[in-house]
Amino acid sequence: MTLPTFVRVMFNSALVLTCISICIPQKLFSQAEQEYLNNGEECLNGVNEYYLTNDKQFFKPASDGYNISLIGRWANGPCQAVDVESNVLCFSRGGLIEIADIADPEQPVILAEFLVNGEIRDLDISGDFIYAGMRPGGLVIVDISTPSSPVERGRFSENSSFWEVKVSGDYVYAADYLFGLRVIDVSDPDNPFVAAERETTGTNQGVSVSEQYVYLAAGSGGIYTYDITDPTNPVEVSHYDPSYFKSHDICVSGDYAYIAECWYGFVILDVSDPSNPIQVFTNDYRISDLEVGSHGWEVAVHGNL
């Protein structure tokens with residue numbers, strides 16, 4: 001494959017545009033001279049180099065001796081995540097975290113924006129930190145003790161794609177899309193690391209923590225429930241996996257798990273006994289008066305709403 005001597009525009013992730021210049025002498029690269037680029041691998045200076053071979057696989061040069069310089073980025077994109085802590089609102093915009101003061105909800109004031117390398121799938125604020133789930137890119141920890149001056153403190157990637165993250169104590173529980181549950185120790189925000197992980201059979205998009213249990217929405221793999229009395233050793237206590245079931249998100253409140261489901265839209269499970277979840281409601285839009293339609297994507301519970 002012949003490489004161009006100058007490349008101006010590349011895409012780093014969905015709707016996050018990166019402009020770079022690459023000066024590379026004309027050369028044919030064989031597969032032996034390339035290495036496979038794993039999903040979620042860290043970028044060099046915020047930029048991934050991708051070369052498409054005839055068999056539609058992505059490779060990057062094995063050598064890092066090329067002259068690559070970052071010209072600029074346009075990171076605006078869809079808002080897929082939002083969280084609120086007191087008067088501080090954080091929301092995503094493609095590859096940006098926007099931080100706003102909402103002391104006056106009718107006149108929110110943007111205090112700062114923070115650029116991360118990847119598409120932001122979820123945000124969870126806990127104390128002075130934002131925990132951002134990335135696709136790809138895993139976890140980014142941002143210090144917002146001074147909301148107008150956010151600072152990145154730590155990052156965990158290791159070929160991870162975190163679609164939802166929930167903070168509880170010193171741990172982040174993450175739904176890793178193609179892997180399963182990952183438990184990240186964030187007791188030192190500068191050095192997050194994997195404390196435990198459990199592989200599942202589905203595509204993991206949602207996670208919820210309630211008391212000593214974590215619930216994982218694993219797409220067509222159903223709902224996994226783990227006892228996290230010891231966060232470093234999650235113990236599977238149940239696996240709810242009926243036919244024609246594809247969970248996208250889950251929120252547990254009290255004795256019930258509320259699920260955004262692909263085919264029915266909305267499902268409620270009784271999880272008063274976490275080892276034996278029981279379906280108590282299915283919103284089949286074809287027969288129900290509560291017509292939200294199919295393909296539920298996200299769910300949240302507040303009080304009786």
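Colleague: What relative accessibility does Glu 197 have?
Modeller: Glu 197 has a relative accessibility of 34% and therefore counts as partly exposed. The term covers what lies between buried (under 20% relative accessible area) and exposed (over 50%), using a 1.4 Å probe and protein chains only. Please note that this is a predicted model, in which local features need pLDDT of at least 70 and side-chain atom pairs count only at pLDDT 80 or more, while totals for chains, interfaces and linings use all residues. Residues are numbered from 1 along each chain as its sequence is written, and side-chain values use heavy atoms, with hydrogens and water left out.

Colleague: Which residue meets Glu 197 in a salt bridge?
Modeller: The partner of Glu 197 is Arg 182, at 2.4 Å from N to O. A salt bridge here is a side-chain nitrogen of Lys or Arg within 4 Å of a carboxyl oxygen of Asp or Glu. Because Arg 182 lies in strand 17 (residues 180-185) and Glu 197 in strand 18 (residues 193-199), the pair ties together parts that are 15 residues apart in sequence. Strands are DSSP runs of E with at least two residues, and helices are runs of H or I with at least four, numbered from the N terminus.

Colleague: And is Arg 182 buried or exposed?
Modeller: Arg 182 counts as buried, because its relative accessibility is 10%. Arg 182 also forms a salt bridge with Asp 176, with the closest N and O atoms 2.5 Å apart. Asp 176 is buried as well.

Colleague: How many salt bridges does the whole structure have?
Modeller: The search finds 10. Among them is the pair of Asp 143 and Arg 153, whose closest N and O atoms are 2.9 Å apart. Asp 143 lies in strand 13 and Arg 153 in strand 14 (residues 151-156), so this pair ties together parts that are 10 residues apart in sequence. Asp 143 counts as buried because its relative accessibility is 13%, whereas Arg 153, at 29%, counts as partly exposed.

Colleague: Which residues touch the most other members of the largest nonpolar core?
Modeller: They are Cys 90, Ile 97, Leu 123, Ile 130 and Ile 144, within a core of 16 residues. Strands 8 (88-93), 9 (96-101), 11 (119-126), 12 (129-135) and 13 (138-143) each supply at least two residues of this core. A nonpolar core is a set of buried Ala, Val, Leu, Ile, Met, Phe, Trp, Tyr and Cys residues joined through side-chain atoms within 4.5 Å.

Colleague: What is Cys 90 in contact with?
Modeller: Leaving aside neighbours within four places in sequence, the contacts of Cys 90 include Ala 81, Val 82, Ile 97, Leu 123, Ile 130 and Ile 144. Contact means heavy atoms within 4.5 Å.

Colleague: What about Thr 225: buried or exposed?
Modeller: Thr 225 counts as buried, because its relative accessibility is 2%. Thr 225 is found in strand 21 (residues 223-227), and its contacts beyond four places in sequence include Tyr 213, Tyr 215, Val 235, Val 237 and Pro 274.

Colleague: Where is the cis peptide bond?
Modeller: The cis bond joins Arg 135 and Pro 136, with omega about -15 degrees. Pro 136 is in the loop between strand 12 and strand 13. As for other backbone features, phi of Asn 159 is near 60 degrees, a positive value in a residue other than glycine. Phi of Glu 211 is positive too, near 55 degrees. Most residues other than glycine have a negative phi, and most peptide bonds are trans. Asn 159 lies in the loop between strand 14 and strand 15 (162-168), and Glu 211 in the loop between strand 19 (206-210) and strand 20 (213-217). Glu 211 counts as exposed because its relative accessibility is 73%.

Colleague: Finally, what pLDDT does the chain average?
Modeller: The average is 78, and 71% of the residues score at least 70. pLDDT is the predictor's confidence in each residue, from 0 to 100. Over residues 1-65 the pLDDT is below 50, and beyond near neighbours in sequence this stretch has 150 contacts in the model. Residues 286-292 also have pLDDT below 50, with six such contacts.
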